[in-house]
Amino acid sequence: MTGTCEQKVQQLHCSFDAGVSRPFAWRREQLGRMKLMITAHRKDIERAVYLDLGKPAAETALMEIKLVLDEIRFVEPRIERWSRRRHVAMPLLMQPARSWTIAEPKGVVLVISPWNYPLMLSLEPMVDAIAAGNCVCLKPSELSPNTSALLQRLIGAYLDPRAFAVVQGAVPETTELLKQSFDHIFYTGNGRVGAIVMEAAAKQLTPVTLELGGKSPVFVDASANLDVAAGRIAWGRFTNAGQTCVAPDYVLTTPELVEPLAQKIAGFTRKFFGSNPAQSASYGRIVNTRQFDRLVKLLPSDKKTFSGGETNREHLYIAPTILTDVRPGDPVMQEEIFGPILPILAVNNAKDAVAFINGRPKPLALYVFTRSKATRLLFERHTSSGALGFNLPLGHLLSSRLPFGGIGASGLGAYHGKAGFLEFSHIKTVTSKPTFPDTLRIAYPPYK
């Protein structure tokens, strides 16, 4: 689809008004074509993501390509079932009468995707929007230009050009898009830009989904299997060089476990990436110099660096880094890290950990490693987060059966599977009452 931002959006509205995206057969066809698009160009996708992020091909296959294909496979056969009438009983005063709800598409959806998972976070929301019967305008990130250009080319070649448009560009183009009329805006990124998106949407009363981030904490207690905890924390933190919105951002543990846990996590980083991760084909890079410089400023110059800390600006490399003796006021604790740096802080017990977490903005994810049922219940009942994982980071991200979303500063709304279908649908209420007998007359004035 060609033209200016305004022209592209107007064309999408015309297509939706003409009913292009509503038929179930069309929705299934487009999801099938997206599946074909991904499988036929798997190597092209892996190469583009590598050029943008230095991400290993196997990581792109597992954490991006597979997740989009899984979402398509889960959603496609369920579209008609989720769209059916849901009959609801009417109150006695309304009888005889019937009522039901139906899921109808919202219309034209804007998806603004980030750079850290440039394929998955562009196409997964699109899968849910297509399943719900919408037309979609995609604005991929300018910080992952190779993947964004590939997406534009492939979407133009494989999907219905009447119902899909891709807009390339940076802040000016995004600003222009946000001036247009949409029926839903789906944004993934940081909270600062999320507030700008929400403000722009409010001017036209456009509903929004905000998939943001924050500092996702981990708590490890003495009952946990430290070897399993360390391996899973290291995997969750250092996948994609730490540039994952639900990655463990910092670890809370009791004082006697700080050093043993740090040693075990450091051991797993060596096991995963070797003694020199800069030479590892399994370890990614920072997206650009701006993010690199920001992360380097978070690295302490004192003894708090337990392991790692090596950097190379030319190659956008920051080693998997573990920090100990960290204080709540340190710079690394003031913002989402979004990189391969893992602070470990000491707390006295689980209750103190809960108080520490609750004293900060609600996180996108919270992870707890424990064998204690009481500790599990404590965190489940007395903390609030987008998701809670026991002995497993990132787990909820990998399932189309589970809603994915944040709360408070970490986001608004949810998607994946049925949650995504509903997010891009309007649930319309329908009531029907026969004209005879007119039992409603008992509600008419004058009142006695």
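**Close-up views of a predicted model**

D70 is partly exposed, with 22% relative accessible area (buried is under 20%, exposed is over 50% and partly exposed lies in between, with a 1.4 Å probe and protein chains only). This is a predicted model, in which local features need pLDDT of at least 70 and side-chain atom pairs count only at pLDDT 80 or more, while totals for chains, interfaces and linings use all residues. Residues are numbered from 1 along each chain as its sequence is written, and side-chain values use heavy atoms, with hydrogens and water left out.

View 1. K66 is partly exposed, at 39% relative accessible area.

View 2. K43 counts as exposed at 62% relative accessibility, whereas E46 counts as buried at 9%.

**View 3. E59 is buried without a salt bridge.** E59 belongs to helix α4, residues 57–75. The nearest side chain of opposite charge is K55, 5.0 Å away (Lys and Arg count as positive, Asp and Glu as negative; His and the chain ends are not counted). K55 instead meets E64 in a salt bridge of 2.7 Å, N to O, and both K55 and E64 are buried. Not counting residues up to four places away in sequence, E59 touches E64, T239, N240 and S282 (contact means heavy atoms within 4.5 Å).

**View 4. Helices α4 and α6 pack at an angle of about 5°.** Their axes are 9 Å apart (axes are lines fitted to C-alpha atoms, for helices over the stretch in contact, and angles run from 0 to 180 degrees between N-to-C directions). The two helices are therefore roughly parallel to each other (angles under 35 degrees). Residues that meet include M63, L67 and I72 in α4 and M120, L123 and V127 in α6.

Notes
Helices (H or I, at least four residues) and strands (E, at least two) are DSSP runs, numbered from the N terminus. A salt bridge is a side-chain nitrogen of Lys or Arg within 4 Å of a carboxyl oxygen of Asp or Glu. Angles under 35 degrees count as roughly parallel, over 145 as roughly antiparallel, 65 to 115 as roughly perpendicular and the rest as oblique.
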